[in-house]
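Please work through the exercises below with the sequence and the model at hand. Each task is followed by a solution in steps.

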Amino acid sequence: MMREEISRMEEMFDNLRADRYPLKDFIHIGKRGPRRVDGIQKASGKAEYTMDVMLPGMLTMRFFTSPYPHAKIKNMNTRKAEAFPGVRAILRYDDPELPEAADLGGHVPQAEVVLPGTAYFQGQEMGAAVAADTEDIAEQALRFIEVEWEVRPFVLEPEEALKPDAPLANPDIFPFGNHYNELLLGEAFTDIKQGDIEKGFAEADKIVEFRSERRLHTWIGPERPCGVFRWNGDCPEVWVKQQRPHIAKRVISSWFGGVPMNKIQMHCLYQGASFGGWSQVNWNFGGHYCAAVLAKRTGRPVKWTFTRREDFFGGEMDEGVYYLKVGAKKDGTITAVEGRAVLANQQWPVFHFLKHLVENTRIPNLYGKMLAVLTNKGPNVPTRCEQNANTHTQSLVFDHIANALNLDPTEVALKNDGAYGNHMEWLNQQKKERGFEARDSLRECIEKGKAAIDWDKKWHPPGTRRLPNGRMHGIAFTWAHEWDDSAGSSEMAIRIERNDGTASILGMGCDNGVDAENSYCRIAADELGMKLEDVYYNPRIDPGFFRMTPDSSTNTSINGFAIRHAARILKQQILEAAVKPIAKTQRGSFPPVFPDAGPADLEIRDSVIFLKKDPAKRISLAEFVGPSRSAGPMADLENLGDRTAFSVPLFAYGYHVQTGTYSMHHVRPRLCRQAHFMEVEVDTDTGQVIVTKVVNVNDVGKVINLSSCEGQQYGGTYMGVGRGLTEEVVYDPVTGVMLNGNLLDYKIATILDIDGPIDTILVETGMGYGPYGVVGIGEDVATVLPALLGPAVYSAIGVWVDDFPITPKRVLEALGKA
Amino acid sequence: MTEIPQQECRYLCPYCSRVLDSFEDLKAHVLAEHRTEPVPTPEGLIHLTVNGQPYEVKVDPEWTLYQLIHDRLGLTGTKMFCDRGACGSCTVIMDGRAVLSCMTLAIECEGADIETVEGVAATHPLLIEKYAEHHAMQCGYCTPGFVVTVKALLDKNPNPSQQEIKEALAGNLCRCGTYPQHPVAVQEFVKERGSAKNDA
């Protein structure tokens with residue numbers, strides 16, 4: 001079985017079919033409770049985060065930031081700052097020790113200028129880093145840095161940046177213009193072409209055209225970006241607030257002429273969340289590089305920090321303007337969609353805004369052009385998640401055309417479900433060929449959602465239902481495919497501890513609060529036959545290898561395989577060890593525990609190994625591995641005369657690697673669907689939109705960690721509603737300075753901002769490619785819900801507001817009242 | 001047991017070396033003759049109680065109470081999320097009232113009785129248990145602020161309604177969106193505390 005499991009492990013890479021090796025009984029997988037393993041630590045304030053790290057002699061480092069949206073340092077005088085009491089070292093952009101560029105992490109290792117002398121957005125970290133006894137001292141010293149600037153022209157709005165006479169946002173790297181994706185990546189990434197768009201519109205009974213805008217919004221990680229760097233001799237010890245500790249270790253090893261990987265000690269403590277965001281920015285290890293230099297120079301550990309305001313520079317990749325045209329037949333069959341979008345500052349302009357319509361529908365004729373442009377604002381990176389532009393488009397396309405045809409949007413969705421321009425019959429055939437039960441995921445989700453929100457009773461023509469409280473009632477629906485199935489790899493291991501037989505899962509990863517660790521414990525416990533409380537996973541320590549961490553939209557579907565393989569191999573190891581005489585001392589072989597049995601005769605349940613045909617013959621895992629004794633961890637009473645059982649060290653690793661659905665090559669169609677329903681009330685005097693009910697129906701394939709899935713459903717709802725109604729980073733058009741980089745003026749949702757229930761409905765069709773048929777859930781709700789506010793408000797007031805976020809001002813403008 | 005003879009207690013004036021019989025006499029003498037405080041307090045020295053423990057700490061005038069609690073006393077459960085009184089993560093209870101420690105100057109806390117999340121956790125393990133059981137946290141960074149705010153609410157209103165809990169927590173931001181679980185955890189705590197009575 002061990003060899004068999006290893007060959008399965010390899011077979012599963014890029015598998016194109018349903019899980020062929022399911023588990024018969026789910027004891028812990030998919031069940032509620034027990035309590036969160038990290039819950040007591042977090043609620044009692046004992047959980048340690050990177051910002052809490054305090055080391056003897058530690059200095060705090062802060063960055064100088066640009067006051068201008070586009071400017072170059074001509075001269076910098078740091079003498080006064082250096083003389084400031086408590087300042088221990090200043091690193092300047094022109095320091096001879098700094099390389100021209102170094103690998104500073106991000107989504108992929110990438111060479112970047114460590115400490116730039118030119119800023120391309122206001123607030124950019126540049127010019128100097130000050131290490132001082134306290135953060136306050138560093139902050140004050142920064143004010144004594146004097147700079148002579150070359151102030152350059154800037155551009156802030158995506159469509160402005162496209163104009164021929166627009167200032168160049170970054171003439172040093174992009175001298176050819178602000179529109180960069182077409183030249184860099186070619187048509188394969190800028191254009192989506194499917195079928196015959198002219199023919200599609202000619203076949204249409206109804207055509208609607210509209211323009212939509214999505215203003216810049218951002219991630220807001222509760223813990224500020226930070227890190228700690230200490231040199232123990234020539235060995236770096238690093239604390240990262242990072243979703244990608246594996247990339248972190250790799251980039252650090254490339255610095256200073258090369259640092260051997262085995263000398264680097266990483267710590268990835270509890271993470272005050274970042275939702276992708278900061279972890280994806282190319283420059284995200286600039287702080288660590290500068291801290292490493294100053295830690296070496298001062299001989300002291302250095303903690304670097306951003307201010308809360310500095311965390312605001314950067315945003316989600318859907319910022320921009322969308323022009324969309326949809327054609328459909330009277331019955332709701334969409335014949336063609338054409339789109340053009342101008343999107344700002346995308347660090348990876350590869351997630352086309354029409355991609356969902358390709359992967360999620362049968363719409364035969366599509367044409368979309370994506371223009372990625374640079375402006376003088378911070379980098380826009382995947383922030384829960386990279387599909388925002390896609391779901392924005394899909395929701396608005398479907399809801400605009402359904403309303404224009406006076407059709408129920410759930411019916412229009414069902415009529416157009418499919419993939420790559422093909423009908424459901426084709427997709428169902430795909431399901432069968434791949435070994436899945438051909439279930440109609442979207443229909444199941446819609447039926448459950450409609451019942452929960454009482455759709456048939458509440459749905460009404462737009463702008464027609466005034467409530468007794470005077471507000472207008474709106475109700476809306478949207479849908480999307482599953483989340484998500486991307487490229488990635490994972491290495492995880494399980495070790496059985498001597499003395500008590502508990503299992504420790506190994507593999508460093510970022511624990512940002514989604515309780516993924518509990519999922520892996522559940523899989524390990526069910527596969528090993530152990531009690532859930534006997535399995536523990538601390539991903540914050542560095543065993544030298546890494547699991548997939550929340551970083552590429554794909555975690556459980558990859559890590560789940562790795563931990564399952566490890567558990568299955570380990571179980572076989574345990575059973576073989578239980579029947580075999582293993583090892584010899586001077587006194588002969590150790591006696592086996594089950595001398596007359598083979599591994600297949602044994603089973604493990606509740607952390608006890610027993611003989612299947614005679615369960616009374618049993619030994620607990622704790623007794624089996626035995627205690628460590630005075631003569632070392634394994635030798636027992638050998639030298640005293642008694643003979644005892646002996647167990648080899650029990651340790652197994654598993655791994656997984658895949659390309660996933662996410663590849664450009666459409667290797668495996670997405671089969672699971674998600675449905676979302678929302679009710680709102682709109683006050684037509686104030687323009688206020690009040691969300692009164694949300695129903696999220698997620699086909700997650702198979703639930704592994706029930707409470708965690710629900711947490712993503714209601715948690716994502718608050719983030720989604722905030723994004724849809726209030727979240728907008730505002731810049732001053734005259735100075736290019738960010739105006740609301742704080743949590744008083746940038747409004748995220750509070751506990752009172754949803755005035756009603758959030759239903760969390762989970763559907764398990766088993767049609768995911770992950771272990772047990774699982775797909776992801778963490779990104780769906782917060783990504784899909786913002787655009788749903790559009791049709792919800794339309795349903796209430798009968799006028800489209802396609803400019804997001806839908807603030808009271810924009811509602812009143814739409815009503816002609818402002 | 002041998003009785004140790006009591007030494008005669010004498011008090012020496014630090015300004016003129018006059019010997020006095022009692023501390024009260026010494027204070028009266030210094031005030032009358034030397035016109036100064038008898039026991040001068042070093043600048044910035046404050047006395048406060050944190051989680052029932054008395055502290056005498058010298059603080060800089062610009063330190064916030066957050067800095068004192070988190071950086072100086074090492075009670076790192078009190079968190080800084082927004083930095084300007086907008087998020088509630090740094091909430092502590094001061095003399096029975098929930099206050100934002102990032103908006104409170106440490107030097108003004110002379111004589112204050114402070115309760116941090118560590119103190120609440122020690123006296124209310126059942127509340128912490130309910131938070132863990134109902135997943136009233138994800139990344140957990142803002143959670144201590146919620147727990148302290150809830151404790152301050154319960155001190156004033158031992159059996160709050162769901163709406164009262166939500167209103168009390170309206171100033172606590174949670175980016176992960178764990179909001180719906182907090183009223184559940186709190187009401188479960190209230191219910192079980194009522195039956196068990198073993199948790200304050």
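The model is predicted, so local features need pLDDT of at least 70 and side-chain atom pairs count only at pLDDT 80 or more, while totals for chains, interfaces and linings use all residues. Residues are numbered from 1 along each chain as its sequence is written, chains are lettered from A and ligands numbered from 1 in the order in which they are written, and side-chain values use heavy atoms, without hydrogens and water.

**Exercise 1.** Determine how many helices and strands chain B has, and whether the chain is spread out or compact.

Step 1. Chain B holds seven helices and seven strands; these are DSSP runs numbered from the N terminus, with helices being H or I of at least four residues and strands E of at least two. Their order along the sequence is β-β-α-β-β-α-β-β-β-α-α-α-α-α.

Step 2. The radius of gyration of chain B is 23 Å, well over the 16 Å that the globule rule gives for 200 residues, so the chain is more spread out than a compact globule. The radius is taken over C-alpha atoms, and the rule is 2.2 Å times the number of residues to the power 0.38.

Step 3. Along the principal axes, the C-alpha atoms of chain B fill a box of roughly 70 × 50 × 25 Å.

**Exercise 2.** Identify which residues touch the most other members of the largest nonpolar core.

Step 1. A nonpolar core is a set of buried Ala, Val, Leu, Ile, Met, Phe, Trp, Tyr and Cys residues joined through side-chain atoms within 4.5 Å. Buried means under 20% relative accessible area, exposed over 50%, and partly exposed in between (1.4 Å probe, protein chains only).

Step 2. The largest core has 137 residues, and A:M678 and B:Y131 touch the most other members. Helix 23 (residues 780-797) of chain A gives the most to this core, with nine residues.

Step 3. Not counting residues up to four places away in sequence, the contacts (heavy atoms within 4.5 Å) of B:Y131 include A:A43, B:F146 and B:H182.

**Exercise 3.** Decide whether A:R618 is buried or exposed.

Step 1. A:R618 lies in strand 26 (residues 614-620) of chain A.

Step 2. Its relative accessibility is 52%, so A:R618 counts as exposed.
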